[in-house]
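Subject: Structure for you to look at

Hello,

Here is the structure I promised to send over. Please open it first, then read the notes below.

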Amino acid sequence: MAAGEEVKLLGGWFSPFSHRVELALKLKGIPHQVLQEDLSNKSPLLLKNNPVYEKIPVLIHNQKPISESFVILEYIDETWKRNPLLPQDPHDKALARFWASFIDDKLAEAVRRTITTQGEQQQQDVKKATEALEILEGELKIKGKRFFGGETLGIVDIMLGWISIWLGVIEEFAGVQVIDPENFPVIEKWKRDFLQVPAVKESLPQRDLLVGYFENFRRFKLASVPAPGN
Amino acid sequence: MAEEVILLDFWSSPFGMRVRIALAEKGVKYEYREEDLRNKSPLLLQMNPVHKKIPVLIHNGKPICESLIAVQYVDEVWKDKSPLLPSDPYLRAQARFWADFIDKKIYDIGRKIWTTKGDEQEAAKKEFIEALKLLEGELGNKPYFGGESMGYVDVALIPFYSWFYAYETCGNFSIEPECPVLIAWAKRCLQKESVSKSLPDPQKVYEFVLVLKKKFGIE
């Protein structure tokens with residue numbers, strides 16, 4: 001790190017999006033400071049540095065803020081060139097961006113909804129999430145490598161990382177099954193290999209703490225959602 | 001090497017327009033293929049099996065899907081002319097942030113304006129103007145979001161201008177009094193051939209919206 005470089009992450013240990021940034025910084029060996037946000041009481045620093053969404057993560061590099069996890073990952077990759085996260089070839093880069101976008105738009109979005117939906121609606125969301133995972137399973141199988149990034153983690157692996165722990169926690173308390181391990185041998189192996197990476201082991205939150213956090217979140221959300229039919 | 005560039009597109013798609021503009025800015029010769037979205041071509045289904053959507057850019061047989069990804073691809077491959085993304089990583093991040101904001105907000109909220117009525121429509125109109133005002137703030141005094149010349153965010157946003165007339169007529173409101181700076185920016189962009197040749201006539205877009213409304217039984 002160059003003299004005078006200041007890298008701060010406004011994040012949350014419970015947030016899969018914040019974890020993406022944490023992981024990228026660790027993979028690149030970038031010294032940084034993590035400021036834990038309490039989303040029920042957002043800091044002035046967060047509100048000032050992400051006025052558009054008021055969400056974490058926000059990376060602040062030499063006082064300049066960047067928001068949105070994928071935008072931050074690309075910024076990190078372009079600023080610190082060691083251990084590249086994106087391929088060099090423009091078409092391969094486009095594919096990496098495509099899958100990163102797919103993970104958020106199709107998989108993460110559907111899984112997120114299962115936290116607060118119930119009954120028939122929830123079943124539909126589970127189905128969408130499973131279908132998205134099937135597509136990823138197929139893609140990784142064709143690739144035939146350990147990770148989407150090849151033999152080492154790339155940006156797509158970082159974007160998908162949350163399924164290694166957050167997905168199981170969400171499935172458990174939402175009472176759904178998105179991923180039946182028997183049907184996803186390639187993804188299951190990917191998860192095992194992902195969890196072995198030192199930077200991942202160092203940055204993931206503890207499962208029991210996550211369970212507690214989400215149980216509170218779901219109860220809060222269900223209590224504030226209008227009953228169906230209203 | 002003979003370059004083969006094909007764009008699978010649909011005339012009124014703002015996402016397709018983005019790629020058209022990027023290709024025009026770079027002076028790339030390409031074949032435009034109009035898709036019938038009710039009867040998608042085998043090529044489209046083969047090149048975008050995951051989403052089955054346009055636009056799809058096909059460069060020497062290899063597909064690039066998702067409009068902003070295609071625009072970045074065009075910018076990286078034909079990098080010697082009219083750069084769309086700045087070279088500074090922080091400015092690039094800002095450009096990507098705002099393009100992502102446009103993706104999250106403009107299309108979906110705009111769609112609500114012509115597919116809903118009453119309170120829901122009023123809420124959509126309000127949200128739409130708020131989003132445009134945020135973008136105006138980001139534009140500031142600059143002639144373009146990209147600074148002195150058109151850039152990534154300009155390309156991401158300007159196609160929606162061709163839909164403004166449809167939104168305004170369906171929603172019975174006017175955007176210019178609320179966002180004069182943005183409208184001035186849009187007209188400035190339209191002075192460029194790459195934009196004017198890529199955007200359809202707003203009247204035609206409105207007529208298309210009326211056909212869609214009838215088809216979906218709206219109002």
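The centres of domain 1 and domain 2 of chain A, taken over C-alpha atoms, are 21 Å apart. This is a predicted model, so please read everything here as computed from it. The domain assignment puts domain 1 of chain A at residues 7-79. Domain 2 of chain A runs over 90-215.

**Between the two domains of chain A**

Start with the contacts. On the domain 1 side of chain A, 16 residues take part. They touch 22 residues of domain 2 of chain A. Together the two domains of chain A bury about 1,700 Å². Carbon and sulfur atoms hold 76% of that area.

Two salt bridges are counted between domain 1 and domain 2 of chain A. A:R20 also turns up in a salt bridge, where its side chain meets that of A:D104 at 2.8 Å, N to O. Side chains of opposite charge can pair when their charged atoms come close. Five residue pairs are in polar contact across the interface of domain 1 and domain 2 of chain A, with both residues at pLDDT 80 or more.

Next, the domain 1 surface of chain A that touches domain 2 of chain A. Helices α1 (16-27) and α3 (69-79) of chain A each supply at least two of its residues. The largest share, nine residues, comes from α1(A). By class, this side of domain 1 of chain A has 10 nonpolar, two polar and four charged residues.

**Between the chains**

Over all chains, the structure holds 29 salt bridges. One salt bridge joins the side chains of A:E78 and B:R96, at 3.0 Å, N to O. This pair crosses between chains. A:E78 sits in helix α3 of chain A. B:R96 sits in helix α4 of chain B, residues 89-115.

**A record for chain B**

What does UniProt list for residues 88-208 of chain B? An unreviewed entry gives "domain: GST C-terminal" for that stretch. In the model, residues 88-208 of chain B are 73% helix and 0% strand. The end C-alpha atoms of this stretch are 41 Å apart.

Best wishes

Note on methods: Residues numbered from 1 in each chain as written. Chains lettered and ligands numbered in written order. Predicted model: local features only at pLDDT ≥ 70, side-chain atom pairs only at ≥ 80, totals over all residues. Heavy atoms only, no water. Domains from an automatic or database assignment. Contact = heavy atoms within 4.5 Å. Buried area = accessible area lost by both parts, 1.4 Å probe. Salt bridge = Lys/Arg side-chain N within 4 Å of Asp/Glu carboxyl O. Polar contact = N/O pair within 3.5 Å; in protein donor to acceptor, adjacent residues only side chain to side chain. Helix = DSSP H or I, 4+ residues; strand = E, 2+ residues; numbered from the N terminus. Nonpolar A, V, L, I, M, F, W, Y, C, P; charged D, E, K, R; others polar. UniProt positions renumbered as here; feature names shortened; annotations may be inferred.
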